[in-house]
Structures are given as C-alpha cells and as structure tokens.
Amino acid sequence: PETDIDVPADARKARRSSGSSSSSGGSSSRSSRVKSTSEAMALPGQNARLQALMDYYAGLDPSQFEDEAKKLEDLPWSERIMVGYLLFARWGEEDPTAAMAYTKTMGMAGMFVKGTVMQSWAAKYPQDAAKYFTDNPNEFRMGGMMGGRGGRGGSTAGVIATEWARQDSAGAMVWAQGLEGRDQRDAIRGIFEQAAKEDPSKAAGMLSTITDEEARKDAQNTIAREWGAKDWDAAKSWIAGLPADQQADATARALRGLADEDPQAAAAQITALPEGEARTDAMESIARAWSREDPAAAAAWVMANGNEEA
C-alpha cells in the first residue's frame with residue numbers, strides 16, 4: 001500500500017495456502033467438505049472455517065452464488081465481511097457480470113464487495129474488467145474496495161492495472177493512459193509497482209511512455225522504492241541520472257524501500273539525502289521500521305541525527 005487491497009489476514013493466508021492444502025489433503029479433505037456456509041462457520045478455528053468456505057464455494061455452480069449472497073444478511077457484520085470476500089471473489093472469477101449486477105441490489109454493502117469482484121475479474125480477464133470500469137465509472141466513485149482504497153494502486157483502476165500488468169504491461173499502459181486524474185495515476189502506479197517488483201531496470205525503461213509529468217514522477221518514485229528494496233546500489237546509480245530537482249524525492253523513496261528490508265542499512269545511508277523535508281520523511285519511515293526490531297537503537301539513531309519528531 002501503502003498496500004494492495006485490504007483483505008482479512010486470515011483470508012489472505014488461507015487463499016495462498018489453498019493449493020497446497022487441497023493437494024496434500026487428498027480425498028480426506030474432499031470427503032469432509034461442508035454443505036453450507038453455516039456449517040463452515042460452526043467449525044472450530046478460523047483457518048478451518050476459511051478453508052471450508054473456499055472448498056464449499058469452489059464446488060458450487062455459478063447459478064447458486066446469488067442464493068449464497070442472500071444468506072450474508074443473516075451473519076454478524078464481522079463474519080459477513082470475511083464470508084463476503086470469499087464468496088464474491090469466487091463469483092467474480094466465475095460470473096463477474098452477474099456478481100456486479102447483484103452488488104447493485106445490496107445498497108452500501110455492495111460497495112464493500114464491488115472491488116473484490118473487480119479484482120477477481122481482472123485477475124483472469126483484465127481487458128473485460130477494464131472495459132466494464134471505463135463504461136461504468138460512476139459505480140466506483142466511492143472507492144469500491146473492501147476495506148477502502150488501500151494505498152498504492154488500491155483504487156479500482158489501480159487494481160485492474162496491476163492485475164493486467166502481470167499478464168501484459170504494455171496493454172495495461174495503453175489503457176491507463178486513456179484514464180484521467182486519480183484513476184490514471186493509480187493505474188500507472190499499479191503497473192509500475194508490479195513491473196518494478198519483477199525488473200526495476202525494465203520498469204525504468206518504460207517511463208518514457210508516460211506523457212503526464214505528474215504521473216511520470218509518481219511512477220519514477222514507485223520504481224525508486226521497489227529498486228531500493230531490491231538493490232540499493234543499483235537504485236542509487238539510476239537516481240543519479242535523474243534530473244537534479246527529482247533526485248531527493250526518488251532517493252527518499254528508495255531509502256523507504258531499503259528500510260522495509262533492512263532499516264539499519266537504510267539508516268546508514270541517510271546522508272545520501274540533503275537536509276530538508278525529503279530527509280525528514282525518510283528518517284521517519286526508517287525509524288518506524290527500525291523500532292519494530294530494536295526500539296532503543298532506533299531512538300538513539302534519531303536523537304543522534306537531530307530529528308526528535310521522527
């Protein structure tokens with residue numbers, strides 16, 4: 001963000017492990033599948049409930065999803081969020097247009113799952129998801145993501161672009177360039193974040209395709225952060241070739257990326273930034289990351305560098 005779409009931590013964990021769980025469980029896991037949402041929620045253990053729900057929804061025909069969605073109204077709000085995410089993620093993969101149509105009947109609750117549908121849709125068919133988004137922009141003006149916009153790339157446009165970039169970054173960029181305002185910035189940021197995670201140098205080579213100056217600077221800083229996390233020396237060398245008035249911001253972002261991986265190493269490089277707002281912001285990020293590992297050392301570093309507000 002700064003994170004991607006906000007999803008319950010247990011749901012993310014269960015979703016990542018679902019492949020290994022189903023393959024290692026063999027026939028025993030299939031034979032013990034629950035027969036309803038209520039049966040799944042009655043199981044002991046949160047992860048067991050999540051896995052049971054995913055297995056249950058995986059065995060349903062898409063025509064059954066609407067009936068399952070109606071049952072969400074009978075659940076407590078905390079359970080409705082978790083179950084709704086899993087249900088609409090599955091529905092978005094199998095029949096996204098029907099899932100989107102149903103969200104319109106849910107009132108405000110529909111806004112919490114609309115983005116979930118779009119992410120699942122875009123993960124499989126990004127072009128179709130993108131077309132729906134551009135054809136129906138007013139449906140997403142309140143953010144649309146379960147849990148909010150979610151920071152970097154967290155808007156609907158950003159999530160679609162990020163998923164599309166995993167398959168075709170060039171095609172995603174063409175679509176993003178046709179958007180306007182925040183949608184365009186979020187989409188471009190999502191593309192470059194994904195590209196930079198895979199190959200920062202290649203992502204840097206894509207900057208020339210961005211025509212909007214602010215969007216280009218934003219993408220440039222996104223690359224700096226991802227590159228700083230991967231290879232500080234290479235990031236620093238690339239930043240040295242940027243226009244002089246853009247180097248401080250890019251260096252600060254690179255240091256934040258490095259701090260995510262090694263806050264002590266980032267602290268040692270703080271002199272790469274001149275005194276000023278960019279340095280102060282970078283120090284705050286480094287101090288927060290370092291304090292999670294060694295609060296005393298982080299506090300001593302802040303005091304030694306004359307920034308008691310970090």
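This is a predicted model: local features need pLDDT of at least 70, side-chain atom pairs count only at pLDDT 80 or more; totals for chains, interfaces and linings use all residues.

I started with the crossing of α8 and α9, and it is left-handed.

Next I looked up the geometry. Two packed helices are described by the angle between their axes and the distance between the axes. Here α8 covers residues 126-135 and α9 covers residues 156-177. Their axes come within 9 Å and cross at roughly 125°. Angles of 65 to 115 degrees would count as roughly perpendicular and those over 145 as roughly antiparallel, so I wrote down α8 as oblique to α9.

Then I asked which residues of α8 and α9 meet. On the α8 side I listed Pro126, Gln127, Ala129, Ala130, Phe133 and Thr134. On the α9 side they meet Thr156, Ala157, Ile160, Trp164, Gln167 and Trp175. I sorted this contact by class and got eight nonpolar, four polar and no charged residues.

How much space lies in the largest cavity? I noted about 90 Å³. Eleven residues line this cavity, and the closest to its centre are Trp77, Arg80, Ala109, Phe112 and Val113.

Where does the lining come from? Both α5 (77-94) and α7 (108-124) supply at least two residues each. The most comes from α5, which gives five residues.

Last, I sorted the lining of the largest cavity by class: nine residues are nonpolar, one is polar and one is charged.

Methods
Residues are numbered from 1 along each chain as its sequence is written. Side-chain values use heavy atoms; hydrogens and water are left out. On a 1 Å grid over the protein atoms alone, a cavity is a set of points where a 1.4 Å probe fits but cannot get out, and a pocket is an open set with protein on both sides within 12 Å along at least five of seven lines; lining residues have an atom within 4 Å of a point. Grid points are joined across faces, edges and corners, and a volume is the space filled by probe spheres set on the points. Helices (H or I, at least four residues) and strands (E, at least two) are DSSP runs, numbered from the N terminus. Ala, Val, Leu, Ile, Met, Phe, Trp, Tyr, Cys and Pro count as nonpolar, Asp, Glu, Lys and Arg as charged, and the others, Gly among them, as polar. Axes are lines fitted to C-alpha atoms, for helices over the stretch in contact, and angles run from 0 to 180 degrees between N-to-C directions. Angles under 35 degrees count as roughly parallel, over 145 as roughly antiparallel, 65 to 115 as roughly perpendicular and the rest as oblique. A crossing is left-handed if the near helix is turned anticlockwise from the far one by less than a right angle, and right-handed if clockwise. Contact means heavy atoms within 4.5 Å.
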